[in-house]
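Colleague: Hi! Could you walk me through this one?
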Amino acid sequence: MKLTAPLRTSRRTYSQRKAIYGFLYVLPWLLGFLFFFLVPLIASFRFSMSNIEANSNGIIITYAGFKNYVEALTVNTSFNRTLTESISTMVVNVPLIVIFSLFLAVLLNQKFLGRTAARAVFFLPVILASGVIMNLESTSLVQAVNDSNAGGKAVSGLGSFELAQLMIQAGVSETIVDYLTGAVDRIYQIVSQSGVQLLIFLAGIQTISPQLYEASKMEGATGYEAFWKITFPMVSPLILVNVVYTIIDSFSTNDMTDLIRETGFEAFNFGLSSAMAWIYFLAVSLILLISTYLISKKVFYQN
Amino acid sequence: MQASKFLAIEWWKRWLWSFVRLVLVAGLAFVILFPILQKISTSIKDKTDLYSPIVIWVPEHFSLDNFRQVITIMDYWPTLGNTFLLSSLTTLLTAISCALAGYGFSRLKFKGSNLLFMGVMLTILVPPTTILIPVYLNLKDFTLMGLIPLLTGGKSLNLLNTYWPFILTSLTANSMKAGLYIFIFRQFFRGIPMEVEEAAYIDGAGIGKTFLRIILPNTVPAIMTVLLFSFVWQWNDSFYTTTYLTTSKVMSIQISSLPYNLGIMLSDGANSKVDPFYQSMVQDTGILLAILPLIIIYIFVQRYFVESIERTGIVG
């Protein structure tokens with residue numbers, strides 16, 4: 001027995017055992033994936049195509065074709081508006097957040113006094129700006145009144161107004177000016193949503209080998225040139241990652257999510273709610289596909 | 001002469017840049033900290049200070065009434081206990097299951113494991129709202145493929161309003177943002193040299209032992225990141241908690257229903273005609289009390305987090 005036991009276990013090769021262990025390690029996830037993701041996903045698609053009636057015996061599902069989709073797009077009063085609104089805010093915010101967090105990451109990567117403290121403060125939004133706190137913050141009345149009392153609003157309003165005038169006189173297109181001043185006015189929203197992106201960029205910048213910078217300095221490149229010729233191409237894969245992350249992150253808190261939930265759990269119209277969710281999903285995947293395609297053409301990979 | 005002038009310009013440039021940087025960093029840090037400072041200032045004010053024109057930051061009448069009020073309305077201590085239990089339970093289970101899955105996907109390749117990893121990416125990409133209703137219905141009549149009715153005699157279990165939905169999803173690495181954690185773990189494990197594992201194998205360690213004794217101690221930064229993210233996001237989450245737990249006393253539910261509860265308490269259940277300023281003041285205090293434990297945790301973990309994030313390998 002003592003002899004055969006090791007023999008039996010060694011019958012499988014190391015790589016075979018690795019494969020078996022690999023499957024075992026992935027198994028919990030796989031079960032969850034099947035029960036809590038794939039089956040519900042298919043069910044949700046089925047719901048979106050059917051009439052659902054709930055009574056004491058449970059729910060009755062009858063096939064109804066594209067009726068729910070038609071209803072969401074043509075009959076429901078708020079769906080179209082909410083969908084375009086939440087998607088346009090997403091499209092407006094994503095470039096701002098990505099550019100801002102890249103800029104901040106470069107800034108926080110430099111050596112200066114109190115860098116650790118500054119980093120600790122800038123990662124704080126990862127904790128604070130999530131979920132319910134974010135929602136309630138926008139409704140705080142005391143804060144709004146205090147802002148105007150302190151005269152802060154008048155000053156900042158004036159600031160961005162003058163800036164806008166200056167840029168329009170300099171011949172910058174009005175849409176661009178509106179976009180930029182809008183960004184200045186929404187600075188808190190942007191800062192608070194760029195915590196994770198900042199982390200990713202910072203980690204990426206630190207993997208760039210310092211020799212590149214040393215060599216470019218020898219050749220006489222300025223810091224500005226070094227940024228565009230070294231830092232930017234080297235972190236460009238992460239720009240893609242961050243764009244995708246920012247788009248996904250906007251799922252968790254927006255009006256569309258609220259509308260889908262209200263239709264499902266307050267009006268108990270499961271079919272319509274599922275149809276809305278699928279339209280939303282398709283719209284978002286379309287944006288993801290387009291942006292991934294556009295960015296990945298410009299992305300620089302080392303190999 | 002020429003050289004010293006050049007040096008001077010360089011010096012001025014550097015000095016100017018550090019000044020600009022200081023202004024930028026300080027300004028943005030202020031933008032982030034401003035709401036917290038304001039909440040602290042609001043929460044220690046007395047009711048009369050709200051209308052006093054001379055009070056902006058420092059209250060004239062210092063009082064802790066707001067805190068007392070909020071603690072009674074929110075049922076703060078039991079709520080804190082519940083939330084802490086729920087968050088740490090899901091965090092722990094999620095970290096374990098995601099670490100296992102991440103290791104499986106990165107190092108223990110088997111047939112079809114790349115295909116399954118596409119599934120992980122899919123869970124990241126599909127908005128949770130899309131699958132919300134079927135999951136909800138599934139948990140309401142939980143049968144586990146018809147096994148449970150056999151045991152209990154034809155009755156399915158209603159898992160809503162218990163912690164079971166959270167336990168089950170985090171045990172199977174499908175809780176909130178679990179795909180992201182699997183991704184982080186996988187990227188990190190891929191960064192560990194293959195030789196380390198081979199050396200452990202030659203020294204007689206099995207695969208499980210290698211994972212526990214060799215790999216995990218080397219991935220502490222990734223583990224800390226995942227633990228912190230998952231704890232914080234579970235703590236603040238209102239999406240899943242309001243769906244799965246409708247009556248339990250958990251922080252995010254208590255916070256979101258704080259205005260209504262306050263209205264009911266102050267006007268004895270009648271149509272609420274509460275001073276909106278006062279209501280908002282109490283709400284600010286409530287938010288402060290809810291995030292206070294997180295900030296305390298962050299202060300302790302922060303150094304670790306900030307310094308080690310560079311090596312977590314999110315980047316790959």
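Modeller: Happy to. A word on angles before anything else: those under 35 degrees count as roughly parallel, over 145 as roughly antiparallel, 65 to 115 as roughly perpendicular, and the rest as oblique. This is a predicted model, where local features need pLDDT of at least 70, side-chain atom pairs count only at pLDDT 80 or more, and totals for chains, interfaces and linings use all residues. Residues are numbered from 1 along each chain as its sequence is written.

Colleague: Great. At what angle do α4 and α13 of chain A pack?
Modeller: About 140°, with the axes 10 Å apart; α4(A) spans residues 79–109 and α13(A) residues 223–249. Axes are lines fitted to C-alpha atoms, for helices over the stretch in contact, and angles run from 0 to 180 degrees between N-to-C directions. The two helices are therefore oblique to each other.

Colleague: And which residues of α4(A) and α13(A) meet?
Modeller: Among them, V94(A), I97(A) and L102(A) in α4(A), and F227(A), V235(A) and I239(A) in α13(A). Contact means heavy atoms within 4.5 Å.

Colleague: Switching topic: how many residues of chain B are in contact with chain A?
Modeller: 94 residues of chain B touch 84 of chain A. The area buried between them is about 8300 Å², with carbon and sulfur atoms giving 77%. That is accessible area (1.4 Å probe) lost on putting the two parts together, summed over both.

Colleague: Which chain B residues lose the most area to chain A?
Modeller: I32(B), I133(B) and I207(B), together 8% of what that side buries.

Colleague: Last one: how far apart are the end C-alpha atoms of residues 281–301 in chain B?
Modeller: 30 Å, and that stretch is 100% helix.

How values were computed
Chains lettered and ligands numbered in written order. Heavy atoms only, no water. Helix = DSSP H or I, 4+ residues; strand = E, 2+ residues; numbered from the N terminus.
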